[in-house]
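I opened my notebook to record what I looked up, entry by entry. The sequence and structure come before the notes.

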Amino acid sequence: MLKAENLTKKFGNHTALDQLNLEIKKGEVFCLLGSNGAGKSTTINIFLGFIPASSGHAFIDGQEVTLNNHATRDLVAYIPEVVNLYATLSGMENLEFFSGLSGYNYSKEELSHFMETAGLQRSAIHKRVSSYSKGMRQKVGIAIALVKKAKALFLDEPTSGLDPHASSEFSQIIMNLSEQGVSTLMATHDLLMAKNLGTRIGIMHQGALKHNLLSDEVSHADLTRLYIDIVKQHI
Amino acid sequence: MRLPLINILFRHELKILSRNRVLLSLSALIIFILVSALWIGSSMLRKQEQTIIKISQSEKESLDSLKTRIKRIEAHQMVYPGFIWDDPTFAYNTARNEGPNYAVKKPFPLQVLSIGQSDVQPFYYKVYINKKQYLTYESEIENSFLQFIGNFDFAFVVIYLFPLLIIVFSYNVLSAEKEQGTWVLLKTSNQSIAQMMICRMGIRYLLFTSFFWLIVIPVLMITIGGDALFTVNWTWIMAEVSLYFAFWFALALLVNSFSMTSNVNAMVLIFIWLFTGIIIPNLLQIGLNKVYPIPSRIDMLTAERDAINAYFEKDGQDLTKEVFSSPKSMIRQASVVTPGMVYGYGVIVYKSQEIKDQATAVAEEKLYGQIRKQQEGIRQLQLLSPALMMQERLSALAGSHWYQFNQFSMDTDRFRKKTQEFYYPKMADENTYRTFSIADADAIPKFNAKDYHDFSWLKIWQSFLIYLGIIILLLVSGYRRLLEARK
């Protein structure tokens, strides 16, 4: 579903991403670990078409990602660390707007259903987003991904700052989406979440993918050790 | 772009704008100012209309009184018991006293929108035979103050205040998305950001302009009636104002396309507003005043008086001697004013008028010639400033432009000549100087009052198309830049 071939990104003399090769199959959850500046967000930004690659190629469902390729954007959804929405609109109005932009015309009832699937309580969906907690905004972000029927989900530190309960709820939703065949690329610092949620785990350092592990084949302790070793090298 | 998407964006914009309290408060304030400006313009129009009604009544009363007195004198074998200079059967007396009629520029109803020159230029003159124009417009003294502070009217609100409101409406269409973080979600949609932004700006323009006319039209219907809204002038006013608003929205789109912060966008737009609306017009005014300095009105009057004095010191001496030595006038023998003396004054006024008019014409040419050159300069350079262009167009379409007042002034001058031609043969002829009859009173020339709302001299299409071109250029440039704005 997602494929990176020798993906490289340079910002001036600095190489943010160095010859990245990666493949994420349908329904897989790939968790990217790495210290700040390791290249996780750059990878996601290239897949989303926000920035162009300096060299190499990124593919979503066989289609190459370029800045002006609208077709690949039909396939993706993105949940950043903080899902920022239109504060003066309600969660429902935000969802209606973004689903409309994606070309869908759902009824209010259908949109409510998506909101509830994403974990947002019915009583909250008509309140203004300015009154929402971070977790509630993340759920609206998930609902946006649901209405788009995205085949690939990109998450950038999605549970950062969420309380354990909200974080657990979030993980459950991602797992549900995975079961429905949605491929997920998630950048995170949360090793435990990566171990529990990811089907595969990558550890990046200085733009390169240093480890590409099957989640089932690595223990949490080993994962922690590997990660710390990488971070130590950086220090 | 598909229609449903425009519909989505339209509803979205409506929600976003209607929930922006700052914008709503500011809009309410500007609407209050707009309605106030229309009310002020309308009050001024009413005042002028009332003055014109009074003038008409005064003319009628004066004519009735004149005819009554002539009739009484004729009934008493031409004996007038009062002061001889008031005897209306002397053509010279009537020409000097109640005979002069008024030249009136009727206010065009759309003048409520643009006071223009209508507070500076007289809209009526009492036209005497012996002076170019008696300026009876009493507020002229206070007008210099009004000219200094500028007029508060619809045109002022539209030209200077509305661009500020448009800036508030449009300065952050793109930057706000980035600053509030919704930009990333928009970028992951499969829509073209450039099309989306141009569409949103277009929707804001349509909402803004529609709302504006929805307020203005009913207010005008109430204040000046619907007839004025079925004129070509009104159609052009709507087109010009809508184009002016489009210019500011298109400019805002271009500024947005540079992907700067909201603060920088606002500063850039306000600077452009200040530069094109205030600085350029002032620089042009200073420059044109340097190139074509306008002599003061006092210089004109002094020149006229000097010419008259010079005339009477030389050529006029013989005329005075001839007239007042004549047995007819019996000036030397008279211890009281005689009919011949009235005749003599009539002859002097008639014969000296030519030299007075020549002197006035030279002095006037100095004054009005320079004003004309300045106006021509402004007309050529106005494209540098949208505000200046709008001021010119709105005042012309409202019938309050300097050019239109100048047309009125020229018509007044022609009317004065017609009045002279009516009185001179009567007052400066030995056989007719005291034969002014009721029939003559009825034949005193009357001015054909008009509202001078013609604007064919303006070449309005030319500047309209130029500005339309500029707007298209701004939109295309903005669109091209926005294509790169996804980064």
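How many helices and strands are there in chain A? I counted eight helices and 10 strands in chain A. Helices (H or I, at least four residues) and strands (E, at least two) are DSSP runs, numbered from the N terminus.

**Ground rules.** I noted that this is a predicted model, where local features need pLDDT of at least 70, side-chain atom pairs count only at pLDDT 80 or more, and totals for chains, interfaces and linings use all residues. Residues are numbered from 1 along each chain as its sequence is written, while chains are lettered from A and ligands numbered from 1 in the order in which they are written.

**Chain A overall.** I looked up the extent of the C-alpha trace of chain A, which spans about 50 × 40 × 30 Å along its principal axes. The radius of gyration of chain A is 18 Å, which agrees with the value near 18 Å for a compact globule of 235 residues. That radius is taken over C-alpha atoms, and the globule rule is 2.2 Å times the number of residues to the power 0.38.

I then checked burial: 45% of the 235 residues in chain A are buried. A residue is buried if 20 or more other C-beta atoms lie within 10 Å of its own, exposed if 12 or fewer, and partly exposed in between, with C-beta atoms placed from the backbone.

Of the contacts in chain A between residues at least 6 apart in sequence, 69% join residues at least 24 apart. A contact means that the C-beta atoms of two residues, placed from the backbone, lie within 7 Å.

**A sheet in chain A.** I traced an open sheet of four strands of chain A, in the order E2-E1-E4-E5, with antiparallel pairing. Strand E2 (14-24) and strand E5 (63-64) of chain A are at the edges with a single partner strand each, so one side of each has no neighbour in the sheet. Two strands pair if DSSP finds at least two bridges between them. Strand E4 (residues 55-60) of chain A pairs with E5(A) over two bridges. I found Glu64(A), in E5(A), as the bridge partner of Phe59(A).

**Two positive phi angles.** Asn6(A) is not a glycine, yet has a positive phi of about 50°. I located Asn6(A) in strand E1 (residues 2-11) of chain A. Asn6(A) counts as exposed because it has 12 C-beta neighbours inside 10 Å.

Glu157(A), also not a glycine, has a positive phi of about 50°. Glu157(A) sits in the loop between strand E7 (152-156) and helix H6 (164-179) of chain A. Glu157(A) is partly exposed, with 17 other C-beta atoms within 10 Å.

**Where the chains touch.** Chain A brings 27 residues to the contact and chain B brings 18 residues. On the side of chain A, H3(A) gives the most, with five residues.

**Chain B and confidence.** I looked at helix H9 (residues 232-257) of chain B, where 19 of the 26 residues are buried. Just after H9(B), Ser259(B) takes a positive phi of about 55°.

Where is confidence lowest in chain B? It is lowest in helix H4 (residues 140-149) of chain B, at a mean of 40, and highest in H9(B), at 96. Here pLDDT is the predictor's confidence in each residue, from 0 to 100. Where pLDDT is low, the predicted coordinates should not be read in detail.
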